[in-house]
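Thanks for coming, everyone. Please bring the structure up on your screens, and I will walk you through it.

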Amino acid sequence: MKSLVGLYGNRNRLQVWFSLLVFTLCAWWTLNPRSFHLLDGTSITLALMFGALFDFRFPFNVASAWPEAAFLMITVSIPFLLHVHFLRNGLKYMSALNLFWFAYAAQNCFRLLDAKIYRWPATLFFVLSLTLTVVALLKCLQNSETRFEDGFKDEIDEFEHGENEGSV
Amino acid sequence: MKSAKFIQKRLLRSLPPLTLLMIMILLPAGLWALIGFGPESATFRIIDAVQYQQNGLLSLDVEIITPGPDLTPHIMMPGRRFNLELAAPQHLELKIGQKLRGSFSGAIKDLENGQIMMDVDPASLQIIEETTDSRDIPYSHWEPVFEYLQYFKVAFIVFWWLIASLLISRRNAED
């Protein structure tokens, strides 16, 4: 237990505060799933764009059958695409931050199932969403930058080496 | 004095386009916000229900059996489930498993989350069929907790803030 205290003490404070802020907002929205989530704006924009190709009627309209499933698929697929992108480019903190989007995707599944009164699947997705929010926070803390010197060790070595050579 | 007049002029000049913009945003928002419909004499089954002691309201989970004549067949589909909240009707005793007929009124909150708000007129309710396995509506176990729900939500967030602050704490500030 004592070893856990100060485990991430050397992390970049800006990233730590930012992840705490994002956690607070996302957790609040996950706990109030019927309110308007900030990412809903993105979902609506995307659904309107895809709406030109497929007939969605309107995003979040749970009144019709397959368009809502298609809309849900698109909403849920975005974090997966982003995750692949971030991991390929070695953006560890961003991929950890992206877990909040996974939580939002789970929240969308909860909303759909809750609106249709499928209580147990809805509850499972709610718990998943809440868990993902916490996991995202811890992952963000873990993957925050440690020190500038650690991140750019090779570059600094190269720079110092070059400087020494120049002086000789 | 001169600058104040200048600002006033600028404000007045920017007011009409701002108003126009607000009208363009707010008008369709108002139109989208609530799309109402009123299915009449639909039959449905109570699949689950709960009763609240504080306000005497019933929360019914219902499943549509026959939608009835309506302009919104894509909403009132057989098998679709809704949650209804209504004051307990005086003229009949509702039970879980009953088959009923009633007049609905609904609205889609499109701009918020597309949730369908369904209401049923308690006076229009009629019991069509009562099966042998139909049972009384129980009181909600969770009702005493509702009062503290907001505090639980805040406590959850504060708890993880504490955990995070423990994880990132520095023992000696110089390091």
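**Chain B and its contacts**

Among contacts in chain B between residues at least 6 apart in sequence, 68% join residues at least 24 apart. Contact here means heavy atoms within 4.5 Å.

Some ground rules. This is a predicted model, where local features need pLDDT of at least 70, side-chain atom pairs count only at pLDDT 80 or more, and totals for chains, interfaces and linings use all residues. Residues are numbered from 1 along each chain as its sequence is written, chains are lettered from A and ligands numbered from 1 in the order in which they are written, and side-chain values use heavy atoms, leaving out hydrogens and water.

Chain B has 3 helices and 10 strands. Those are DSSP runs numbered from the N terminus: helices are H or I with at least four residues, strands are E with at least two. Along the sequence the pattern reads α-β-β-β-β-β-β-β-β-β-β-α-α. Of its 175 residues, 32% count as buried. Buried means under 20% relative accessible area, exposed means over 50%, and partly exposed is in between, with a 1.4 Å probe and protein chains only.

Now the cores. A nonpolar core is a set of buried Ala, Val, Leu, Ile, Met, Phe, Trp, Tyr and Cys residues joined through side-chain atoms within 4.5 Å. The largest one has 29 residues, and A:Phe23, A:Phe100, A:Leu137, A:Leu141 and B:Phe156 touch the most other members. Helices 1, 4, 5 and 6 of chain A and helix 3 of chain B each supply at least two residues of this core. A second, separate core of 22 residues includes B:Ile46, B:Ile64, B:Met76 and B:Met118. In soluble globular proteins, nonpolar side chains tend to be buried together.

Which residues does A:Phe23 touch, leaving out those up to four places away in sequence? They are A:Phe100, A:Thr133, A:Val134, A:Leu137, B:Phe156, B:Ile157 and B:Trp160.

On to rings. There are 7 aromatic pairs over all chains. Rings of Phe, Tyr and Trp (its six-membered ring) pair if their centres lie within 6.5 Å; planes under 30 degrees apart count as stacked, over 60 as edge-to-face and the rest as tilted. A:Phe23 and B:Phe156 make a tilted pair, 6.5 Å centre to centre with 35 degrees between the planes. That pair crosses between chains, from helix 1 of chain A to helix 3 of chain B. Both A:Phe23 and B:Phe156 are buried. B:Tyr52 and B:Phe146 are also a tilted pair, because their centres are 5.9 Å apart and their planes sit at 55 degrees. B:Tyr52 is in the loop between strand 2 and strand 3 of chain B and B:Phe146 is in helix 2, so the pair ties together parts 94 residues apart in sequence. B:Tyr52 counts as buried at 14% relative accessibility, while B:Phe146 is partly exposed at 41%.

Last, charges. Side chains of opposite charge can pair when their charged atoms come close. A salt bridge is a side-chain nitrogen of Lys or Arg within 4 Å of a carboxyl oxygen of Asp or Glu. A:Arg119 and B:Asp61 form one, at 3.0 Å from N to O. This pair crosses from helix 6 of chain A to strand 3 of chain B. A:Arg119 is partly exposed at 41% relative accessibility; B:Asp61 is buried at 5%.
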